[in-house]
Amino acid sequence: MTSTRIRGGRVIDPSQGIDTVADLVLQDGKVVSIGTSSAAADIEIDATDMIVCPGLIDMHVSLREPGFEEDETIATGAAAALAGGITSVACMPDTQPVVDNRAAAEFIILQAGRAGLANVFPLGAVTKDCNGEELAEIGQLVEAGVVAFSDATRPLANAEIMRRALEYCGMFNRPIFNHPAVPELVHGGVMHEDYVSTELGLRGMPAAAEDISVGRDIALAKVTGGRVHLQTISSLGSIDQIRRAKAAGLRVTAEISPHNFTLMDERLRTFNSNYKVDPPLRTADHLAACIEGLQDGTIDAICSDHQPYAPEKKSRELNLVPFGVSGLETLLPISIASLIEPGHLDWPQLIGKLTNGPANILGIPKGTLATGAEADVTIIDPQVEWTIDATQFRSRGHNTPFDGWKVRGRARTVLVAGVVVYEV
Amino acid sequence: MNFVTDTDNSIKKRWTKRHLLGLEYLSADEITMILDQAAEFKRLAEQGETKLGLLRGTVVANLFFEPSTRTRTSFGLAAKRLSADTVEFSAAGSSLVKGETFIDTARNIEAMGVDQVVVRHSTPGAPHLLAQNLNTSVLNAGDGTHEHPTQALLDIFTIREHRGTLQGLTVALVGDISHSRVARSNIWGLTKLGARVIVCGPATLIPQHVEKLGVEVATNLDKILPELDCINLLRIQFERQRSGLFPSIAEYAHLFGMNGERLKTAKDDVMILAPGPINRGVEITPDVADGGHSVILDQVTNGLLIRMACLYLLNPKNSP
Ligand SMILES: [Zn+2]
């Protein structure tokens, strides 16, 4: 029996409405109590002036293995997660081969076990080969341990397929994650369509492409009673629609990535490929709507949308580079910089978006410090000032728009199942 | 052959920019400096001084990642007129095809001792990428649908030559504004020098929020025609079109093509410009292209002078 006491920290657990200075006691990999404890423990961790919370969950991550190991592996991605204070990730199925069958899902789980770092929850493809045409073997994927379904960065363009997927997944009470975009409207696009794209002569992706797709998915959630999760939303119009759908009691949830509530399309004036993301960086009115959506609960979760790429893939001409940011190691500090520091969210709100928010959508028993729960814990030093340095990333992808940013706050100690797996 | 090594240096002394990435990044004063330098070269040429020694001992690399006979020839000739050595590079048959990156290729060429790089590329921002990664001076010879500064400068030079000033003139850019780097550079240059600019074309070829660039938008050419001092007929780039941006070439020519009939409703001294190569019978009919209002051949001549001026002012060597 190994016991651990994390002493004197500000324990924040939104799943139980807890925000109090207390000791957190763990034993044999499980949470025992939150309170004051005098009994001696095998391991003592001083958390004075620290925030102690459930291990962070990143529900939208690409680990690239199998098939694209030059960009990331399950082991490097899981190590990057821990360095970002993240104890659980949900990984996208657009590997090579695609996770559209039982063996592929089992491979991910096996490799994650071998790495022995963060918890990895695979997502299964909605359609075979993520091609949007034929449903994947959803039932068998569920049996293999898949928690939800998505065609990753490929929008589910065919409304009929989306409808059938929602009906079919309803049998297993699993959500469909969709990247909302109308392909014909964003085809060939590099950035948000607005004044800046006009000035730069770069092909734009109109916000309407996202709005239309979100509207369609909400309508299909209504007709099927299925669970729709909208990935990485970024537009004012989608946030408005999701707010109304939730008020109407539909089973619709949404997530957002830090770069989409932090950066604007103006950044593309540098022609720096690290600002090429999908959905694209938008304008001030969209950013304000994103913040409002986070504040009023329209947006349930914050995810990194981790899209790591080997350096040679991102150091090319703008129209040739792939979309995306290596985000695991900046998820927390950028969320603090953009949401806590300006006072948009308080700590319990932010922690909720990074713990029980995603856990509820994924349907996993994580993101809580309830008695008896797996002892995944992140200890955050909210005051430490540091500079983001992409060359120090554990991820193989150094593609970040935040390189060189001076930030405050980072994960200091991370425990998975009661064991310290990362420490600054 | 008459080598002139000591032209009037006063403009070069005032010039401070290292790169020419676009007219967006130049002030009205800097644009005027280039025009004045080109005018000086024209004066010398008219005196018979066609070969100048100003860039002797320097190397200009022409990096054309996208084919363009005209611009390439014009730059090559401009460099020779200034006595620079030139290195020619085209993407076809290069190591780019073998997967070498764009930046690697440029770095290798720079390592051969190049002082100036002239770059044409199909991606907006490619010259900016080079400017960030190379030590030489970079001259944008057209980057995708972003900018084509020397083309706009020669258009503006040609107008100034005929009318004395840009101030107060109304200039229309007609055609595919969305996909035109010539339009963007013209808009920056013309507005900075005080012209009123109207962009005109099918609504599907006019980009969102273009009016924030300081221009007016029109979709009916016949309505604005009587107000125009200059009409710049942009080429419809069939290869750049996504399908369905306008119904047919015939309809385009009907609504936006410049023909003799239409010309009758324009001002008596209206100037017709076209950054070639033109699609005869589409943007412009032959009678107009070869008629008295057309300055298309002046544009070609002036292009050489403008490129000489840019190469001379931007060359880091032989500074006075
Ligand atoms: Zn620009």
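Author: Gladly! Let's start with the contacts between the two chains, keeping in mind that this is a predicted model. Between chain B and chain A, 7 residue pairs are in polar contact, both residues being at pLDDT 80 or more.

Reader: Which elements of chain B give two or more residues to the side that touches chain A?

Author: They are helix H4 (102-111), helix H5 (126-133) and helix H7 (181-192) of chain B. H5(B) gives the largest share of that side, 3 residues. Sorted by class, the side of chain B that touches chain A holds 9 nonpolar, 11 polar and 5 charged residues.

Reader: How is the size of an interface often given?

Author: The general idea is to quote the accessible area lost when the parts come together. In this case, about 1,800 Å² is buried between chain B and chain A, and carbon and sulfur atoms give 52% of that. As for residues, 25 of chain B are in contact with 19 of chain A.

Reader: How many salt bridges does the rule find across this interface?

Author: The rule asks for a side-chain nitrogen of Lys or Arg within 4 Å of a carboxyl oxygen of Asp or Glu. Across the interface of chain B and chain A it finds 1. The partners are Glu24(B) and Arg269(A), with their closest N and O atoms 3.8 Å apart.

Reader: Why does Glu24(B) count as buried?

Author: The cut-off for buried is under 20% relative accessible area. Glu24(B) has 17%, so it counts as buried. His146(B) is buried as well, with a relative accessible area of 0%.

Reader: What is Arg184(B) in contact with, leaving aside its neighbours within four places in sequence?

Author: Its contacts include His146(B) and Thr145(B) in its own chain, and Thr198(A), Glu199(A), Leu200(A) and Gly201(A) in the other. Arg184(B) belongs to helix H7 of chain B and is buried, at 5% relative accessible area.

Reader: How many salt bridges are found over all chains?

Author: The search of the whole structure gives 40. One of them joins Glu44(A) and Arg7(A), with closest N and O atoms 2.9 Å apart. That pair links strand S4 (residues 43-46) and strand S1 (residues 3-13) of chain A, 37 residues apart. Another joins Asp71(A) and Lys313(A), at 3.0 Å from N to O. Asp71(A) lies in the loop between strand S6 (56-61) and helix H1 (74-83) of chain A and Lys313(A) in helix H11 (residues 311-314), so this bridge ties together parts 242 residues apart in sequence.

Reader: Are Asp71(A) and Lys313(A) buried or partly exposed?

Author: Asp71(A) is buried, with 1% relative accessible area, whereas Lys313(A) is partly exposed at 24%. In chain B, have a look at Arg72(B) and Glu88(B), whose side chains meet in a salt bridge of 2.9 Å, N to O. Arg72(B) is in helix H3 (residues 69-81) and Glu88(B) in strand S2 (residues 85-90) of chain B.

Terms used. Residues are numbered from 1 along each chain as its sequence is written. Chains are lettered from A and ligands numbered from 1 in the order in which they are written. This is a predicted model: local features need pLDDT of at least 70, side-chain atom pairs count only at pLDDT 80 or more; totals for chains, interfaces and linings use all residues. Side-chain values use heavy atoms; hydrogens and water are left out. Contact means heavy atoms within 4.5 Å. Buried area is the accessible area (1.4 Å probe) that two parts lose on being put together, summed over both. A polar contact is a pair of N or O atoms within 3.5 Å; within protein, one must be able to donate a hydrogen and the other to accept it, and residues adjacent in sequence count only if both atoms are side-chain atoms. Helices (H or I, at least four residues) and strands (E, at least two) are DSSP runs, numbered from the N terminus. Ala, Val, Leu, Ile, Met, Phe, Trp, Tyr, Cys and Pro count as nonpolar, Asp, Glu, Lys and Arg as charged, and the others, Gly among them, as polar. Buried means under 20% relative accessible area, exposed over 50%, partly exposed in between (1.4 Å probe, protein chains only).
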